[in-house]
Amino acid sequence: MPAELAVEIIQGLATRRLYPGANHEPLREEAALISVLGASSRVLLNGKLLQLQPIAGGARVTSIDLKNRPGLHRLTLDLGTSKTHYDFATESAKATWREIASMLAATREYTILTGRPFTYLSTDGVRQVPDDDLFVAWLRSRFEEILYLCRAIDRIPASHSDSRLRTSTRSKGLDRRATSALLRQRPGLLEEAPGGILQIAGKSYWPSLVCARSRETFLPQAEHRQLRMFVEQLISACKTRGLVAESTKDIVASLTDVLGLRNLSPAKIGVGPTLPGMVRTAVERRDPRYARLRDLMIEFRSTFSITEDPTPAIQTAIKDVWEIYQAFAAYTIGEAFDLELPRDSSGLRTRWQGGASMKGHGLLLYYDRAAPGGLLPSWRSATTRPASERPDITLVDQAGQRVMVLDVKYSVDKQGRCRSEHLFEMQGYMNSFRIDKAAIVFPGDPVDARGYCGNGYTLAEAPLRARDILNARDEQLRRLRSQLEELWSTIPN
């Protein structure tokens with residue numbers, strides 16, 4: 001590396017020099033300028049090429065946006081014959097990458113999957129390559145959604161409406177505004193005809209050429225080529241990893257059937273680019289089915305690096321950190337009550353028969369879904385407008401006819417306490433389900449836990465932090481269970 005090469009990041013009025021390897025002092029989660037001084041080289045951030053502009057003094061600069069991007073990032077200078085990496089962390093009001101890593105580590109035997117792509121890094125910045133179990137877990141949690149979206153798109157591909165000129169004296173679908181504009185430009189198109197739509201000097205006229213709007217169904221070939229490639233890559237990943245066995249045999253068979261769908265056939269989609277672009281297409285912006293499949297493609301490519309460009313994206317890039325905390329809380333509460341996932345489960349969304357995510361010792365844990373009405377009925381269920389509440393975590397003791405409702409919030413107020421607005425939301429759950437006890441799980445200090453009691457109701461704070469679990473696991477699990485045991489409510493009739 002040339003001795004004069006210098007890399008700096010500027011945020012506000014502060015300039016920070018980066019050095020090869022790990023740069024431990026974190027940056028703020030906001031916009032920044034990157035300045036590179038010295039030898040000409042390709043500059044990449046997390047595997048993506050940056051376009052730098054030259055300025056006076058021989059430096060090249062570009063702006064980057066680190067909002068909603070907590071975690072560790074890698075800036076790479078590619079000199080052709082060698083590459084130099086500069087790793088730096090960004091702190092966030094939502095979560096740092098260390099907090100995320102602690103939640104993942106605290107779950108131990110479980111795998112947390114979120115709807116956002118992320119890569120987990122060890123403390124020295126080394127990317128931990130997902131193993132086969134993680135790939136199978138990811139695929140099982142996604143493939144039913146992939147099948148549904150593919151079949152829905154095959155039945156009704158994206159469509160659009162288009163205006164075109166038609167030569168007609170009695171055109172259906174007349175676009176009056178467009179036709180009026182056309183006639184102003186070309187008045188000679190008006191022809192005298194009985195019963196014409198225009199009356200001029202006692203005579204009726206029809207335009208010989210009109211603008212008529214017609215709705216056509218067309219096949220967005222580029223998006224369908226991407227979709228077919230995505231399905232082929234999933235099948236190939238199973239085969240190359242030696243996973244075409246009982247673990248993924250049913251998945252491969254279902255995905256192979258998708259390749260036979262009419263609107264994904266090579267004869268219909270043609271040839272051309274297959275990789276998702278940096279920006280959503282018009283079809284992906286307009287149709288949520290295509291948008292969701294694009295997100296799944298990018299998640300798959302970034303997480304498992306099965307792509308023509310093997311350069312991995314190494315930042316956490318998590319916008320919704322609450323998803324990880326919610327899963328961490330559910331796993332930890334399940335462990336505290338000694339509950340189990342279904343066999344061959346890929347996570348909390350793989351459920352036991354009846355809808356519970358975990359169960360054991362007569363207890364059922366429902367995650368991010370409403371418990372069956374007989375176990376937790378809402379008084380609005382019998383009305384003409386039933387309720388649709390879906391608590392984050394619901395524990396049901398069938399033998400004891402008891403229920404516990406928990407809401408999970410990844411936030412605290414200025415004093416490190418549960419936010420008052422969250423207490424108000426939880427009060428709504430209690431009123432709807434007619435229960436007298438409930439709790440909010442949040443990342444507070446366990447020694448500050450409080451309960452709010454009055455008129456026969458108890459609304460408690462249930463602080464839960466990953467670092468406390470890692471430091472004293474057995475003690476914290478006993479504390480958590482003891483605190484929650486006081487929050488059972490009788491299942492209402």
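**Note on ring contacts and nonpolar cores**

1. Lysine 359 is placed over the face of tryptophan 352, at 4.2 Å from the ring centre. This arrangement, like everything below, is read from a predicted model.

2. The structure contains three aromatic pairs. One of them joins tyrosine 325 and phenylalanine 328, with 5.9 Å centre to centre and 45 degrees between the planes, a tilted geometry. Both residues belong to helix α9, where they are three residues apart, about one turn of the helix. Tyrosine 325 is buried at 1% relative accessibility, and phenylalanine 328 is buried at 0%.

3. Tyrosine 325 also pairs with tyrosine 410: the ring centres are 5.0 Å apart and the planes stand at 50 degrees, so this pair too is tilted. Here the pair links distant parts of the chain, since tyrosine 325 is in helix α9 while tyrosine 410 is in the loop between β19 (402–408) and α10 (420–433), 85 residues apart. Tyrosine 410 has a relative accessibility of 18%; because the cut-off for buried is under 20%, tyrosine 410 counts as buried. Taken together, Tyr325, Phe328 and Tyr410 make up one aromatic cluster.

4. The largest nonpolar core has 40 residues, and the members that touch the most others are Ile333, Phe337, Val441 and Leu484. Helix α9 (residues 321–336) supplies the largest share of this core, with ten residues. Apart from this core lies another one of 31 residues, which includes Trp138, Leu139, Val258 and Met297. As general background, nonpolar side chains in soluble globular proteins tend to be buried together.

5. Setting aside neighbours within four places in sequence, isoleucine 333 is in contact with Leu365, Ile393, Leu395, Leu406, Val441, Leu480 and Leu484. Two of these partners, Val441 and Leu484, are also listed with Ile333 among the core residues that touch the most other members.

6. Glutamine 483 deserves a separate entry. This residue is located in helix α12 (residues 473–485). Is glutamine 483 buried or exposed? Its relative accessible area is 17%; because buried means under 20%, glutamine 483 is assigned as buried. Beyond its neighbours within four places in sequence, glutamine 483 is in contact with Ala449, Glu461, Ala462 and Pro463.

Key. Residues are numbered from 1 along each chain as its sequence is written. This is a predicted model: local features need pLDDT of at least 70, side-chain atom pairs count only at pLDDT 80 or more; totals for chains, interfaces and linings use all residues. Side-chain values use heavy atoms; hydrogens and water are left out. Helices (H or I, at least four residues) and strands (E, at least two) are DSSP runs, numbered from the N terminus. Buried means under 20% relative accessible area, exposed over 50%, partly exposed in between (1.4 Å probe, protein chains only). Contact means heavy atoms within 4.5 Å. A nonpolar core is a set of buried Ala, Val, Leu, Ile, Met, Phe, Trp, Tyr and Cys residues joined through side-chain atoms within 4.5 Å. Rings of Phe, Tyr and Trp (its six-membered ring) pair if their centres lie within 6.5 Å; planes under 30 degrees apart count as stacked, over 60 as edge-to-face and the rest as tilted. A charge sits over a ring if NZ of Lys or CZ of Arg is within 6 Å of the ring centre and within 35 degrees of the ring normal.
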